[in-house]
Amino acid sequence: MFYWKCCYEKEFKITVIGITGKTGCGKSSAAEYLGKKLNASLVLDVDQLSKKIYCKNLTIVKKITDVFGNEVIKNNGTVDFTKLGRIVFDDFSQMKKLNDMMFPLINESISELIKANIDKKYIIIDAAILFDAGLDRFCNKIIYLTANAKEREKFLKCKNSDLCIDDIRQRICNQKIKVDTDKIDYIINNDSSLEDLYKDIDTLIKKL
């Protein structure tokens with residue numbers, strides 16, 4: 001972890017901020033707002049980044065087909081994220097298989113994106129899997145968001161219109177993420193309004 005801090009913060013003058021927490025706790029809203037408030041910043045949404053990898057990397061699509069079956073592939077040859085999600089969120093061993101395939105590619109992509117944006121002052125990594133995938137090694141500061149199940153369900157309904165309520169509840173109940181409390185710099189409880197979340201981030205910015 002020191003190497004990355006030394007490389008990005010001291011050599012390239014970049015502060016890398018990780019935002020993590022379970023699905024539906026408001027990470028994307030926090031990352032987007034933080035990106036707007038911090039000058040010369042770039043937000044990296046790891047969920048979106050992963051989907052780009054699925055789309056561009058034919059090798060990984062083939063591996064996913066071999067492991068999870070043709071039912072997770074749409075007629076146009078792309079990954080059906082809803083069907084794949086049902087499988088991996090229902091069985092931790094299946095999730096591990098997917099993570100073992102994806103984590104090295106995600107790490108490589110994040111590293112390349114940081115190096116390609118050394119003109120930025122801040123890079124914000126939005127990732128539930130921040131610790132699981134080892135992305136915390138890139139970070140100088142880490143923010144951990146929490147929210148109760150009711151608020152998480154509400155947020156996921158708004159964000160993922162293609163997910164039915166059963167899929168949403170499956171993800172909330174079954175998601176397991178690694179959290180290294182020793183490496184967390186700030187904790188935000190997001191059980192209230194979006195305005196309150198923004199106020200908490202405004203307060204946090206003064207400490208960065």
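## The enclosed cavity

By class, the residues around the largest cavity are seven nonpolar, no polar and no charged; here Ala, Val, Leu, Ile, Met, Phe, Trp, Tyr, Cys and Pro count as nonpolar, Asp, Glu, Lys and Arg as charged, and the others, Gly among them, as polar. This is a predicted model, in which local features need pLDDT of at least 70, side-chain atom pairs count only at pLDDT 80 or more, and totals for chains, interfaces and linings use all residues. Residues are numbered from 1 along each chain as its sequence is written, and side-chain values use heavy atoms, with hydrogens and water left out.

The lining of this cavity consists of Ile19, Ala30, Leu34, Ile143, Leu145, Ile188 and Ile201. Helix H2 and strand E4 (141–146) are the elements that give two or more residues to it. Helices (H or I, at least four residues) and strands (E, at least two) are DSSP runs, numbered from the N terminus. The space inside is about 30 Å³, and the count comes to one cavity of 30 Å³ or more.

## How empty space is found

Rolling a probe the size of a water molecule over the atoms shows where empty space is left. On a 1 Å grid over the protein atoms alone, a cavity is a set of points where a 1.4 Å probe fits but cannot get out, while a pocket is an open set with protein on both sides within 12 Å along at least five of seven lines; lining residues have an atom within 4 Å of a point. Grid points are joined across faces, edges and corners, and a volume is the space filled by probe spheres set on the points.

## The two largest pockets

Now for the open spaces. The largest pocket holds about 1200 Å³ of space. It is lined by 47 residues, of which Asp47, Phe89, Met95, Arg171 and Gln175 are the closest to its centre. Two or more lining residues come from each of helix H2 (27–37), helix H3 (46–56), helix H5 (81–90), helix H6 (92–115), helix H7 (149–159) and helix H8 (165–174). H6 gives the most, with nine residues. Sorted by class, this lining has 20 nonpolar, 12 polar and 15 charged residues.

The second largest pocket has a volume of about 190 Å³. Among its lining residues are Gly24, Cys25, Gly26, Ser29, Asn190 and Leu194. H7 supplies the largest share of this lining, four residues. The classes here are four nonpolar, six polar and two charged.

## Salt bridges

Side chains of opposite charge can pair when their charged atoms come close. A salt bridge is a side-chain nitrogen of Lys or Arg within 4 Å of a carboxyl oxygen of Asp or Glu, and the whole structure has 10 of them. One joins Lys62 and Asp66 (3.0 Å, N to O). Both residues sit in helix H4 (residues 58–68), four residues apart, about one turn of the helix. Lys62 and Asp66 are both exposed, where buried means under 20% relative accessible area, exposed over 50%, and partly exposed in between (1.4 Å probe, protein chains only).

Another salt bridge pairs Arg86 with Asp167 (3.0 Å, N to O). Arg86 belongs to helix H5 and Asp167 to helix H8, so this pair ties together parts that are 81 residues apart in sequence. Arg86 is partly exposed, at 38% relative accessible area, whereas Asp167 is buried, at 6%. Lys183 lies in the loop between H8 and strand E5 (186–189), and Asp136 in the loop between strand E3 (122–126) and E4, 47 residues apart. Lys183 is partly exposed, with 30% relative accessibility, and Asp136 is buried, with a relative accessible area of 7%. A network of salt bridges links Asp136, Asp180 and Lys183.

## The chain as a whole

The protein chain has nine helices and five strands. Starting at the N terminus, the order of elements is α-β-α-β-α-α-α-α-β-β-α-α-β-α. Along its principal axes, the C-alpha trace spans about 50 × 35 × 30 Å. For 208 residues, a compact globule would have a radius of gyration near 17 Å, and the 17 Å of this chain agrees; the radius is taken over C-alpha atoms, and the globule rule is 2.2 Å times the number of residues to the power 0.38.

Buried residues make up 48% of the 208 residues. Counting contacts (heavy atoms within 4.5 Å) with a separation of 6 or more, 75% are between residues 24 or more positions apart.
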